[in-house]
Amino acid sequence: MKTFKSGGVHPPENKISQSAAIEVLPVPETVTIPISQHLGVPANPVVKKGDSVKAGQLIAKGEAFISANVHASVSGTVQKIDEVADSSGYRKKAIVIKVEGDEWEEGIDLSKDLVKDITLSPKEIVTRINEKGIVGMGGATFPSHVKMMVPEGKKADYLIINGVECEPYLTSDHRLMLEKAEEMLVGIRIQMRALGVEKAIIGIENNKPDAIEHIRSLLSDYPGISVEPLKVKYPQGAEKQLIKALLNREVPSGKLPIEVGCVVHNVGTSVAVYEAAQKNKPLVERVVTVTGKGLKSPSNFLVRIGTPVSALIEAAGGIPEDTGKLVNGGPMMGKALTDINTPVTKGTSGILLFPEQEAHRKPVHNCIRCGRCAGICPMGLEPYLLAVLAGNKKFEDCEDENIMDCMECGSCLYICPSGRPLLDQIRTGKSEVGKIMRARHK
Amino acid sequence: MFSIFARITTQESKTHDFFHSLTKQKQVNEITLISVISLGSLGTIAAIILYMVAQKFKVIEDPRIDIVEEKLPGANCGGCGYAGCRALAEEIVRKESLDGINCPPGGNEVMAEIATALGLETTEQEPTIAVVRCSGSKENAPPKVKYEGDMTCAFSHSLFSGEGGCPSGCLGYGDCVASCDFDAMYMNDVTGLPIVKENCVSCGACVKACPRNIIEIRKRGKKDRRIFVSCINVEKGGVARKNCKVACIGCGKCVKECKFDAIIFENNLAYIDFNKCTLCRKCPPVCPTNAIHELNFPPKKPRPENKTEPAKAE
């Protein structure tokens with residue numbers, strides 16, 4: 001079975017919620033929709049305080065090239081446009097809507113019928129994806145329409161669909177592949193049409209045999225699409241590692257996958273593309289896994305964007321008593337939440353509750369020069385060296401050691417027997433090196 | 001007979017040894033001579049070349065640079081804005097004036113010495129000191145979450161708003177203390193805030209090290225007396241106060257109280273201009289959250305109790 005060659009770790013999978021079917025979470029009383037839920041320039045609000053909005057209505061427009069539109073996920077009145085603390089505790093602009101009823105914007109098809117025929121032209125598809133605010137649903141939230149526009153002189157020959165879900169605990173993509181497989185496959189056909197590629201591969205780790213089998217049974221209707229089971233290894237869901245595993249092509253340092261003729265999209269993004277193109281529905285809801293060992297009923301919820309995290313946890317049985325940490329995202333790359341009322345955004349793939357004894361980091365000891373971090377780094381970097389250089393503010397040396405290739409997967413932090421904050425120091429180095437590089441371009 | 005023959009042989013060999021050693025001595029002398037001549041001439045040629053090169057590429061350096069450098073403290077702190085004491089000395093001699101140049105660790109004394117040595121004029125500058133503009137101690141801004149990552153301010157600032165929740169407040173991991181070359185700062189374990197000692201030379205290293213710009217270089221003031229707003233939070237009053245008891249809530253009372261227009265009010269935050277402030281001590285008592293600090297003043301008569309009540313937040 002295929003996998004990427006260098007590095008990688010095997011954290012315990014703990015996919016507790018994988019047999020819980022997707023439940024629709026009731027609409028909350030108020031939603032808080034941040035205007036920046038994507039990578040790039042924040043969107044500009046186009047509604048005012050007191051305006052009444054319908055679900056699916058455009059409320060903030062992404063005007064820059066790398067930006068995305070934001071839509072109302074509920075119907076109601078705009079209570080305020082204010083700075084609201086996000087999961088990091090910093091206050092960012094958000095639109096708060098008080099929910100009244102559940103009325104949808106006209107032209108949005110809410111029926112569950114599958115629409116197979118693709119009528120839009122490639123150009124129209126890209127415009128539609130842009131209009132409907134689709135971003136990468138894997139967690140990085142890169143605006144999808146940007147990926148769909150292949151730069152001149154480059155040609156894509158493969159569309160790769162990321163159904164790996166290599167993060168432990170998370171099951172939202174797994175459930176989507178089981179419950180919305182047909183929608184996803186139509187979505188993939190739409191993306192193939194937009195990109196003008198003939199072949200698409202869905203990469204799925206073999207800890208999800210039911211999903212592999214289910215999609216394989218449906219493939220006869222969708223020419224050009226194939227499913228490739230992959231050996232379980234973290235971080236296989238990273239773009240570059242996935243391309244390496246599936247096609248044995250290596251994306252050059254500092255370049256995008258299009259350089260080797262690939263475009264990578266997530267399973268969730270494909271479903272969102274289907275809904276935008278066939279049903280005219282903007283990205284206003286997503287599947288979020290709420291899980292944890294002490295939780296009463298670990299579940300997968302279909303949630304409106306802007307719902308407070310507390311509502312999700314409540315629906316999954318409430319916070320267990322000995323909870324030590326709440327994490328937004330997976331256990332490897334996710335960030336600890338500072339506030340339980342943080343809203344769900346387009347990039348929220350899961351909410352994790354760790355019991356007290358598992359919540360804390362190992363105590364920090366001196367580096368014992370074991371070299372394990374260098375052995376497991378999927379990008380072939382030397383984390384111990386980068387961390388020391390960044391800690392000593394030798395940022396030029398960091399750049400020479402290719403610190404910018406680090407994708408912050410956290411494998412080094414996971415494997416370090418001395419509990420050193422390797423990734424933290426590398427992140428500091430990356431932000432400083434980024435500043436130096438930008439200053440040089442000016 | 002045998003013995004005679006033997007004696008002759010010995011004699012012969014002795015004579016042979018004598019002649020042999022003579023030639024050897026000669027050879028040694030010759031080698032010495034050759035090496036002395038060759039190395040001597042080589043050395044002379046090299047000396048001539050080096051002398052010519054040294055003449056050709058001679059750097060004429062102003063001797064005054066050395067004089068000035070000797071007078072400077074030699075800490076190479078960079079507080080003057082130049083790369084080190086030597087760089088500052090070169091700049092002073094090049095410009096031949098002391099306008100806009102100040103050595104914070106040396107202070108007025110050193111500047112005056114340099115001025116007399118070079119025959120220049122210098123203007124007396126008020127001594128300055130670093131001031132930490134945050135009072136978000138563990139008691140005033142109680143921690144709501146626990147941070148376990150890399151214990152540096154630079155990283156935790158990029159990650160989250162801090163354990164207390166204030167996005168402008170002191171994180172308390174001591175990047176400023178680590179940057180201080182003069183041992184003029186330390187972390188107070190009880191409050192979790194850095195404290196500037198009186199031996200601060202205001203070189204500004206901590207100002208650059210703090211990712212939140214909490215530390216400011218301010219005038220030392222007469223008898224080390226200073227009044228400043230110990231908060232830089234620009235959030236609205238209610239929001240700021242939720243995280244911290246002693247935040248500036250932007251009520252503007254101090255601005256009305258000040259008769260010297262020394263308080264600038266912008267973005268829900270008051271700032272005292274130390275060039276205009278006369279240290280009249282009128283503003284600290286009116287601040288409802290005790291955000292205005294006065295240092296090294298003699299104790300005043302006790303303040304009325306009702307003054308500590310918080311003002312209504314917006």
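This is a predicted model: local features need pLDDT of at least 70, side-chain atom pairs count only at pLDDT 80 or more; totals for chains, interfaces and linings use all residues.
Chain A brings 13 residues to the contact, and chain B brings 14 residues. On the side of chain A that touches chain B, the most is given by helix 14 of chain A (residues 422-441), with 5 residues. Sorted by class, that side of chain A holds 7 polar, 4 charged and 2 nonpolar residues.

Turning to chain B on its own, the assignment gives domain 1 (63-118), domain 2 (136-218) and domain 3 (221-314). Between domain 2 of chain B and domain 3 of chain B, the C-alpha centres are 21 Å apart. These domains also touch, with 11 residues from domain 2 of chain B and 11 residues from domain 3 of chain B taking part in the contact. On the domain 2 side of this contact in chain B, 6 residues are polar, 3 are nonpolar and 2 are charged.

Strand 5 of chain A runs antiparallel to strand 3 of chain A (residues 44-45), and 2 bridges join them. Here Pro45(A) has Ala60(A) of strand 5 as its bridge partner. Strand 5 of chain A also pairs with strand 6 of chain A (residues 70-71), again in the antiparallel sense and over 2 bridges. In that pairing, Val70(A) of strand 6 stands opposite Ala60(A).

Note on methods
Residues are numbered from 1 along each chain as its sequence is written. Chains are lettered from A and ligands numbered from 1 in the order in which they are written. Two residues are in contact if their C-beta atoms, placed from the backbone, lie within 7 Å. Helices (H or I, at least four residues) and strands (E, at least two) are DSSP runs, numbered from the N terminus. Ala, Val, Leu, Ile, Met, Phe, Trp, Tyr, Cys and Pro count as nonpolar, Asp, Glu, Lys and Arg as charged, and the others, Gly among them, as polar. Domain bounds come from an automatic or database domain assignment. Two strands pair if DSSP finds at least two bridges between them.
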